[in-house]
Amino acid sequence: MRILRVPDGRIRKNRSKMKTRMILIGIGAGVFLLDNRIKAWMEKNLKDNLVKEVAKDRILLRKYHNRGMALGAGKKYPKAVKGGTAVFWVILAAGYLRLLAGKEKESTLTKLGGALALGGGACNLADRLRRGYVTDYFSFNVPWKKLRGLVFNLSDMFIAVGALLAAIGMCRRK
């Protein structure tokens, strides 16, 4: 935290960096809480094997328990998936905290992307640790059967958008 002298000689601490950090952490927490509530609602209210069309039939709501990683990879090895995703998330979170605390200039876009991705990752990780699977609940109603069969959750979208924003932010910096 930098200390600034104001014209009358008083010392004032610069709190803008701390405020930005807290906002970014709040965004990540908001992502976590939002999708956590949606998943709880879906678990309680959406019946297995039921597909409900919403948003003018563009989105399909369905409950799917993903015991693997993205696209079900590793579903035969649930302990490895659980441990691997936990270790991966902790490493990313530590790197993100280092980024927020660092003296190097990093773009706000990179920091925002990190907050979105970590919030989504934390929600999926909590789901996996608590239930043994991640609750996915929507698909896109498109003509391509394989794409229509992929089931996501909001955290997945935040992870993807966050990673994209962080990558754009890092490329713009150079």
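This is a predicted model: local features need pLDDT of at least 70, side-chain atom pairs count only at pLDDT 80 or more; totals for chains, interfaces and linings use all residues.

Reply: Let's start with R128. Leaving out residues up to four places away in sequence, R128 touches N66, R67, G68, M69, V81, K82, T85, Y133 and V134, where contact means heavy atoms within 4.5 Å.

Residues are numbered from 1 along each chain as its sequence is written, and side-chain values use heavy atoms, with hydrogens and water left out.

R128 lies in helix α3, which covers residues 108-131. Helices (H or I, at least four residues) and strands (E, at least two) are DSSP runs here, numbered from the N terminus. Helix α3 lies across β4 and β5, and runs at about 130° to β5. For such angles, axes are lines fitted to C-alpha atoms, for helices over the stretch in contact, and the values run from 0 to 180 degrees between N-to-C directions.

Now for the strands under that helix. β4 and β5 belong to an open sheet of three strands, in the order β3-β4-β5, with antiparallel pairing. The edge strands are β3 (52-54) and β5, each of which pairs on one side only. On average, neighbouring strands of this sheet are turned by 40° against each other, direction ignored. Two strands count as paired if DSSP finds at least two bridges between them. In general, strands of a sheet pair through backbone hydrogen bonds, either parallel or antiparallel.

Strand β4 (residues 59-66) pairs with β5 in the antiparallel sense over six bridges. You can follow that pairing residue by residue: I59 has F140 of β5 as its bridge partner, and L61 stands opposite F138 in β5. β5 itself (residues 134-140) is mostly covered, with six of its seven residues buried.

Helix α1 also lies across β4 and β5, running at about 85° to β5. D35 is buried, with a relative accessible area of 0%. Not counting residues up to four places away in sequence, D35 touches C123, N124, Y137, N153, L154 and S155.

α1 (residues 16-45) packs against α5 (residues 154-173) at an angle of about 150°, with their axes 9 Å apart. The two helices are therefore roughly antiparallel to each other; the cut-offs are under 35 degrees for roughly parallel, over 145 for roughly antiparallel, 65 to 115 for roughly perpendicular, and oblique for the rest. On the α1 side the contact is made by V31, L34, D35, I38 and K39, and on the α5 side by L154, S155 and F158. By class, that gives five nonpolar, one polar and two charged residues. Here Ala, Val, Leu, Ile, Met, Phe, Trp, Tyr, Cys and Pro count as nonpolar, Asp, Glu, Lys and Arg as charged, and the others, Gly among them, as polar.

What about the cysteines? C123, one of the residues that D35 touches, is buried, with a relative accessible area of 0%. C171, on the other hand, counts as exposed at 60% relative accessibility. The structure holds zero disulfides, a disulfide being a pair of cysteine sulfur atoms within 2.5 Å.

Two loop residues are worth a glance as well. N49 sits in the loop between α1 and β3, and its phi is near 65°, a positive value in a residue other than glycine. K56, in the loop between β3 and β4, has a positive phi too, near 55°. N49 counts as exposed at 81% relative accessibility, and K56 counts as exposed at 76%.

Finally, step back to the whole chain. There are five helices and five strands, and read along the sequence they follow the pattern β-β-α-β-β-α-α-β-α-α. Of the 174 residues, 32% count as buried. Among contacts between residues at least 6 apart in sequence, 63% join residues at least 24 apart.

Definitions and conventions: Buried means under 20% relative accessible area, exposed over 50%, partly exposed in between (1.4 Å probe, protein chains only).
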